[in-house]
Each structure stands twice: as structure tokens, then as C-alpha cells.
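Work through the following exercises with the sequence and the model at hand, and try each task before reading its solution.

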Amino acid sequence: MPPSDVFRFSIDRGGTFTDIYAEVPGLPGFRVLKLLSEDPSNYPDAPREGVRRILQDVSGVPLSKANFDSSVIEWIRMGTTLATNALLERKGRPCALLITKGFGDLLTIGKQDRPKIFDLEISRPPPLYQTVVEVDERVRLVGKELSEGREDFERGVGGQWIEVIEELDFRLIQTDLEALRLKGVDSLAVVLMHASVFPRHEKEIRDLAKNLGFGHVSLSSEVMPRIKIVDRGQTCCLDAYLTPVIQKYVDRFRAGFMRETTQLHFMQSDGALASADDFMGSRAVLSGPAGGVVGYAKTTFDSENPRPVIGFDMGGTSTDVSRFDGDFDWVQETETAGVHLLAPQLNINTVAAGGGSRLFFKNGMFVVGPESAGAHPGPVCYRKKGFLTVTDANLVLGRLLPERFPKIFGPAGNLALDRYASQEALQKLVDQINGETGDTAMSQE
């Protein structure tokens, strides 16, 4: 438990709901709160609003929504699906790829794997980068026997000997970077051959880019310092695409506090915490679900009776399933939304089906998703003129009980789920189905 005069907040910001657990002074010593992750008519940011409401409720002192004192908070720890959703919806920051000359199409070619080899029409997701700049540089690794007596060779990471065949042409690179700035590109992914053992060229490009005003530069030698330039490059591009989105959210979140005295940490995909300044897009794809794995591993697994535990997390947009048998199960290579990622992650399987998945009747078939109603406007029962979803169906069937659900809906965010609105919307779908099939016996149930 925290000292008697400070607060601690643990927050899970999902795509639909934000859940907050707070350790607070006095009895009972904790508070819990659930809010819609997006409710622009009532608050600008759900996690910060949750923190404000709990501080206000415990202290009895009214606090401004725009700016309030956080000096009584010891730390805030947050898991978020922000990076996941930005990747799935392709809403990251436009970025450019800088790669060794001659390899401009390397990441487009990728691994040349064909997961759906018999499909008549192969559709490939577009690359994350907006444009490619080929950098005229070249180094090669040489053996120890070739390095003797050669003072012009350099030592790489791990002690390898490196011969720099061609140094960077800073004048040419500056011209290319200035052209990117004119196109509105503000984020760069720098991926050079052998950078995992010879990062000097990448760092020199970053220094130049920062001087020219680029907001973010991801280096493959820092994001994932390993061999295999395709994996390293794709991971670096993912980082350049997502990290600016994350940092923008972090800055906006911090801006709502009068002082920056609070420790702010985020859950990473591998189940570890990172400070807000070190939170990277390539380590954030499973931030939210990873928090769930760590949580149930700590609370449900009995080391004296070590039976494996299954984790099932159904959110508004997706459902995450995992397993814990006493040791965390990590994977080093994954693929998400068609992007190959080389970074440690907890082994979590995600299915694109959640409570917010929309319901349709198309071409004589019942269809669920993959479109999601999200948090705003959300399902019909959220009272925002939203869409018919799985949540509405479960409400009509009695599987969701409004009296057991928080009253956080409606224009003022203080009403219960609206079962009648769900029934009315579902009846329109029933009438459509009966009209198209000629069967008038189909009921809502």
C-alpha cells in the first residue's frame, strides 16, 4: 500500500473503455472507475479524467478538467491499445525510409512468403513508409586476419572489424532531407546495411535530420540491433510510424497536469514497464493485452498447485487469448496487420471480434464485423446514435444487466445502458431479414 498521503493509479486504456484502479489514502484504500475511452462532449482524455474524478472525490476539492495539481500522485502506470489501433487503422505518422543505396525496394519485397498462395487475388498491405531515400554509403565486415596492419579499419559493436568503403555524402543527404520536409514528412526510419554492428552512419544521419527540424528519427541500430536487415528494417519503420503518435498522446496527457512531478510509466508488449520518455512504438503494439497477462499471472496462478491458466480478454474491438503456466511465454518475431515485427512480446493471440463488432445482414447471410462501433459513437445502447453490435445483442438477450453496468452513457455521461434502443434497432434488422427471406417468423431472439 502507498504512504498515507499519496495516490497511485493503474490504468488500462482500451479502445472502448478505460478502467482505472487507484490506491488512495484512507479507507477502503482503493477506488475503481470505468469510463468511455472517447467521450469528447464530456472530457478530452479518459485516463486523465478518471484521475481527476478520483482525486476530486477523495479530497472533496473541485478540480478543473483542463489543468489540475498532480503533486499528490506518486505514480501512474498505464497499458494502452493506442499503438495497436493506430497500426490496424493505418493512422500513424507519415514517415520516410532511408536505406543503403541499391536496397530501396528491399522492405517491399520482404521475405517473399506467400501465406495465401492459392488466392486468386493477392492483396498486400501497403508499406508503412510514405517514400524511400537511398543513401549512398557502404561498409563491409572483414575477418580478423584481414585487419592486421590496417589502421583505416574500424571496430564495430562486439569487436568486429569494419571497412568503410564509402562514407556518407552529407551535402547530398541534406538535399534529400530538405525535400522530405517540403513534402510534410516529419518522421524518419534509418535502416543501413550492417548497422547492427556499425551504427555510426545511422547516428550521423540522425544528427543531421534533427538539425533540419525532423520531429522523430528511428534508427534500426537502436530499435532492434540485430542482423537480418528485412526484420530490423520493418521493425524500425513500425517504430517511426507509431512512436510520434504515442509521444503526442503522452505530451497531451501530461499537459493536463499543473506540475510534472508524477512518475508516468507504460506497459510494453513484453510485460515490462517503461518510462513515458522511453515508450517506443515497436514495443507498444501489445501494451494493453500484456497488462492483462501480467495481472492474471499474479492473481490466479497457484504455485503450490501449478495448473496452467488461460487468459481471455474480450474488448470492444478485439479478443485476446493467452496462457500462463508459471513462466511467461515470449515470442521474438510476430506479424501484426501485415507488418513483420522483430521485438520481444508476450505470446498473445488476437481475434478481431469484440463487443463493438457490428451486426449486418448481407447477401442472405448473417455477418458480424470486422467493422467496429468503437467507443464513440459506440453501440446503440450507449445512447449516442451508434451502430447495432454484439453488445446490443447480448443486452437484448439478457446477458448484460444494465443495473450491474456503470452509468456512464448518454449526453452527460450519467445514464445506464439503453435496452429499448437496442431492441428498436434490432427489430429493424429483423424486419429486413424477414422481408428479404420471406420468413415472417424470425424473432429478435
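**Exercise 1.** In this predicted model, determine how many residues the largest nonpolar core has and which of them have the most contacts inside it.

*Solution.* The largest nonpolar core has 52 residues, and those with the most contacts inside it are F9, V51, I76, L97, L238 and L242. Turning to what supplies this core, helix α8 (residues 229–255) gives the most, with twelve residues. Apart from this core lies another one of 19 residues, which includes A96, L192, I205 and F214. Finally, if residues up to four places away in sequence are not counted, the residues that L97 touches are L107, Y129, T131, V132, V133, A189, V191 and C237.

**Exercise 2.** Locate H194 and K385, and classify the exposure of H194 and of K385.

*Solution.* H194, in the loop between β10 (187–191) and α6 (200–211), has a positive phi of about 65° although it is not a glycine. Its relative accessible area is 27%, so H194 is partly exposed. K385, in the loop between β20 (365–372) and α10 (390–396), is likewise not a glycine and has a positive phi of about 60°. Because its relative accessibility is 82%, K385 counts as exposed.

Notes. Residues are numbered from 1 along each chain as its sequence is written. This is a predicted model: local features need pLDDT of at least 70, side-chain atom pairs count only at pLDDT 80 or more; totals for chains, interfaces and linings use all residues. Side-chain values use heavy atoms; hydrogens and water are left out. A nonpolar core is a set of buried Ala, Val, Leu, Ile, Met, Phe, Trp, Tyr and Cys residues joined through side-chain atoms within 4.5 Å. Buried means under 20% relative accessible area, exposed over 50%, partly exposed in between (1.4 Å probe, protein chains only). Helices (H or I, at least four residues) and strands (E, at least two) are DSSP runs, numbered from the N terminus. Contact means heavy atoms within 4.5 Å.
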